[in-house]
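Here are my notes on this one, as numbered points. Have the model open while you read.

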Amino acid sequence: MMYFRKIRTPIGILEAESDGNSITALNYLDCVPTFKEGLLFYPKKSELNEPCPDAIMALEDWLFAYFNGENAEICFPLNPKGTEFRLMIWKMLREIPYGETITYSELAEKAAAEMGKPCMSAQAVGGALGRNPIPIVIPCHRVIGKNGSLTGFAWGIDVKERLLKIEGVLK
């Protein structure tokens, strides 16, 4: 059985998805943000008040801490679905420290080394990032262009910029 829960955040409404044991997806419902510019705090209140799996409740607590500028530990299981290559890239994303970034080409070099290949295209890495089912938690927003530009975020560059501001990467 799949479970879903809408969660209010400073970037809008997110919908958490769980298989009952772990988080399988986090979707952006493209809503109007529920905060004033510059204010990180948001009230911890979900759209739905019905019982839901512990993983979703833990994700909601983590999102609350994250959007309030805390580098909270992820203490809930993730179960993203994807190819072996995508799973490898998503694992590498989770190794990027809070408040830091990496370029697409640097991530491609790491992936090539992991796979024992001489090189890999940054576009292949970008493709895996674009299919990340659990953004923010699997922090694809921390990957930037070679020249420091903010590129390639499925939820929009404005959301990527806000997330990097929360983490102190951008002013």
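1. Start with the hairpin end. Strand 1 and strand 2 (residues 12-18) run antiparallel and are joined by 7 bridges. Between them sit 2 residues, making a hairpin. Strands here are DSSP runs of E with at least two residues, helices are runs of H or I with at least four, and numbering goes from the N terminus. Two strands count as paired if DSSP finds at least two bridges between them.

2. Before going further: this is a predicted model, with local features needing pLDDT of at least 70 and side-chain atom pairs counting only at pLDDT 80 or more, while totals for chains, interfaces and linings use all residues. Residues are numbered from 1 along each chain as its sequence is written, and side-chain values use heavy atoms, leaving out hydrogens and water.

3. For angles, axes are lines fitted to C-alpha atoms (for helices, over the stretch in contact), and values run from 0 to 180 degrees between N-to-C directions. Contact means heavy atoms within 4.5 Å.

4. What links strand 1 to helix 1 by charge? Look at Arg 5 and Glu 60, which form a salt bridge with the closest N and O atoms 3.3 Å apart. Arg 5 is in strand 1 and Glu 60 in helix 1, so this pair ties together parts 55 residues apart in sequence. The count of salt bridges comes to 4, taking a side-chain nitrogen of Lys or Arg within 4 Å of a carboxyl oxygen of Asp or Glu.

5. On to helix 2 (residues 84-93) and helix 3 (residues 104-115): their axes come within 11 Å and cross at roughly 125°. The two helices are therefore oblique to each other; the cut-offs are under 35 degrees for roughly parallel, over 145 for roughly antiparallel, 65 to 115 for roughly perpendicular, and oblique for the rest. Helix 2 contributes Phe 85, Met 88, Ile 89, Met 92 and Leu 93 to the contact, and helix 3 contributes Leu 107, Lys 110, Ala 111, Glu 114 and Met 115. That set splits into 8 nonpolar, no polar and 2 charged residues. Here Ala, Val, Leu, Ile, Met, Phe, Trp, Tyr, Cys and Pro are nonpolar, Asp, Glu, Lys and Arg are charged, and the others, Gly among them, are polar.

6. Helix 4 (residues 122-130) packs against helix 3 at about 95°, the axes being 8 Å apart. That makes helix 3 roughly perpendicular to helix 4. Tyr 104, Ser 105, Leu 107 and Ala 108 of helix 3 meet Ala 122, Val 125, Gly 126 and Leu 129 of helix 4.

7. Helix 2 packs on helix 4 too, at about 85° with axes 9 Å apart.
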